[in-house]
Amino acid sequence: MQFTRRDFPNGFLFGAATSAYQIEGHQFGGAGETHWDTFAKAPGNVVRAEDGARACDHYHLYEQDFDLLQDAGFDAYRFSTSWARVLPEGTGTVNQQGLDYYDRLTDALLERGLKPMATLYHWELPSALADKGGWTNGDIAKWFADFTEIIMGRIGDRMYSVAPINEPWCVSWLSHFLGHHAPGRRDIRAATRAMHHVLLSHGTAIQAMRGLGMKNLGGVFNLEWADPADDSAEAAEAAELYDGYYNRFFLGGVFKKAYPENVLAELERYLPDGWQDDFDTISQPLDWCGINYYTRKLLAPNDGPWPHHDEIEGPLPKTQMEWEIYPEGLFKFLKRTADEYTGDLPLFVTENGMANADVCVDGVVPDQARIDYFNQHLGAVKQAISEGVPVAGYVAWSLLDNYEWALGYEKRFGLVHVDFDTLKRTPKDSMKAFAQMLRS
């Protein structure tokens, strides 16, 4: 890595992230069925119909994984809790094995001097709640608040930070309009209601945690820079609309009590009755804001149904996901978020990383492309800080190669290589580069 800790402000946090369903092994410990378990069973939804039943077996191997984090010199670990592991039916009877697991996990982090950065929900909805409409059902805000009180009532006293929901756009739009993730719907009404209910649930969870006396609570938003594919006014309008429903809808709801007008022009008719009255809950005061950033999109208009645009392949180098490598977008989002939404509120880069076709040979995993990616994006963070943006930390995605949702186990984002047959962990060169940077 081309940086050291001294290149960043005192107290700047470096961490690595994972999510529950992607690494834990959902078949262990009495966890209930999720909509990802059933989504993966339908032909064509997931590569080779793979699921998270075993994943990386972090459920049993978490101490080994935390030793790797500690040895590399990281400050923090961002993880998620599984709703169905704690409440197998989504509501009702608590699975004590689930609470005990997160209790042990928390203590193991603290024993190694790692700050626990928790996310309550990272996409694995209990199937029993999916049967009731899931995120399209307004009652989910209360269900989620009840789950929040249960899990944080057990481990909340030891958290460094907590955010309710990872990537609201993915939970709602990607999963209910595009249909790429569970529950796999392609319905504009369902997507619109899910978008609103995700934010309402974010707010009720913040209220529940404040009621427990918790502090350092934030929100985590995945942002994707939108540029027009050409110089036409129509392409500019397409990019603005993409920016509206991808980025500004969620930031605007939480920080401005408003949704973008260009998005409401189409989606307002599908929002639930009285949606405007929910903004006081949605906009609960936060202590920080998290940004997950990976890429940008180029947009061109088309004559098809709303939103009337196509994503055009860009000219920049791409990751294994075919995502353009565009570090400038991270700088732009940090600057714009502070200028237009969050002001002096601390910002964290809560996810950033790349998939690469990594191969372990004789205990070595060379991944110079990933090291280059991190260098470029840390440079964007450093630029933002130099221009007065209050960036407080950077969390790499991901600690481990894992279950990459609809792409199964093909795409490897990890700093640590996982052999999915033997579960052997092998730190990649990028992990070693981070260790050298963080220990220097």
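The model is predicted, so local features are reported only at pLDDT of at least 70 and side-chain atom pairs only at pLDDT 80 or more, while totals for chains, interfaces and linings use all residues. Residues are numbered from 1 along each chain as its sequence is written, and side-chain values use heavy atoms, with hydrogens and water left out. Helices (H or I, at least four residues) and strands (E, at least two) are DSSP runs numbered from the N terminus.

**The active-site pair**

- UniProt, in an unreviewed entry, lists Glu 167 and Glu 351 under "active site"; its positions are given in the numbering used here, feature names are shortened, and annotations may be inferred rather than shown by experiment.
- The two residues are spread over 185 residues of sequence, yet they cluster in space, with a largest C-alpha distance of 10.2 Å.
- Both Glu 167 and Glu 351 belong to the lining of the largest pocket.
- A pocket here is an open set of points on a 1 Å grid over the protein atoms alone, where a 1.4 Å probe fits, with protein on both sides within 12 Å along at least five of seven lines; lining residues have an atom within 4 Å of a point.
- Glu 167 sits in the loop between strand 4 (161-165) and helix 8, and its relative accessible area of 5% makes it buried (buried is under 20%, exposed over 50%, partly exposed in between, with a 1.4 Å probe and protein chains only).
- Beyond its neighbours within four places in sequence, Glu 167 is in contact (heavy atoms within 4.5 Å) with Trp 123, Val 220, Asn 222, Asn 292, Tyr 294 and Glu 351.
- Glu 351 is part of strand 8 (residues 347-351) and is buried too, with a relative accessible area of 3%.
- With neighbours within four places in sequence set aside, the contacts of Glu 351 include Arg 78, His 122, Asn 166, Glu 167, Tyr 294 and Trp 397.

**The binding-site residues**

- The "binding site" feature in UniProt (unreviewed entry) covers Gln 22, His 122, Asn 166, Tyr 294, Trp 397, Glu 404 and Trp 405.
- Of these residues, the lining of the largest pocket includes Gln 22, His 122, Tyr 294, Trp 397, Glu 404 and Trp 405.
- Tyr 294 lies in strand 6 (residues 288-301) and counts as buried because its relative accessibility is 12%.
- The side chains of Tyr 294 and Glu 351 are joined by a polar contact of 2.5 Å; such a contact is a pair of N or O atoms within 3.5 Å, where within protein one must be able to donate a hydrogen and the other to accept it, and residues adjacent in sequence count only if both atoms are side-chain atoms.
- Leaving out neighbours within four places in sequence, Tyr 294 also has contacts that include Glu 167, Trp 323, Tyr 373 and Phe 413.
- Trp 405 is in the loop between strand 9 (391-397) and strand 10 (416-418), buried at a relative accessible area of 2%.
- Not counting residues up to four places away in sequence, Trp 405 touches several residues, among them Gln 22, Trp 36, His 122 and His 181.

- Lys 257, with a positive phi near 55°, follows helix 10.
- The 16 residues of helix 5 (residues 96-111) should span 22 Å, and its end C-alpha atoms are 22 Å apart, which agrees.
- Among the buried residues of helix 5 are Leu 99, Tyr 101, Asp 103 and Leu 109, and the partners that its buried residues pack against include helix 3 (58-72), strand 3 (115-121) and helix 7 (140-155).

**Backbone details**

- Most residues other than glycine have a negative phi, and most peptide bonds are trans.
- Cis peptide bonds join Ala 182 to Pro 183, with omega about 10°, and Trp 397 to Ser 398, with omega about 5°.
- His 308 has a positive phi near 60° and is partly exposed, at a relative accessible area of 38%.
- Glu 322 has a positive phi of about 65° and counts as exposed, at 57% relative accessibility.

Terms used
Expected span 1.5 Å × (residues − 1).
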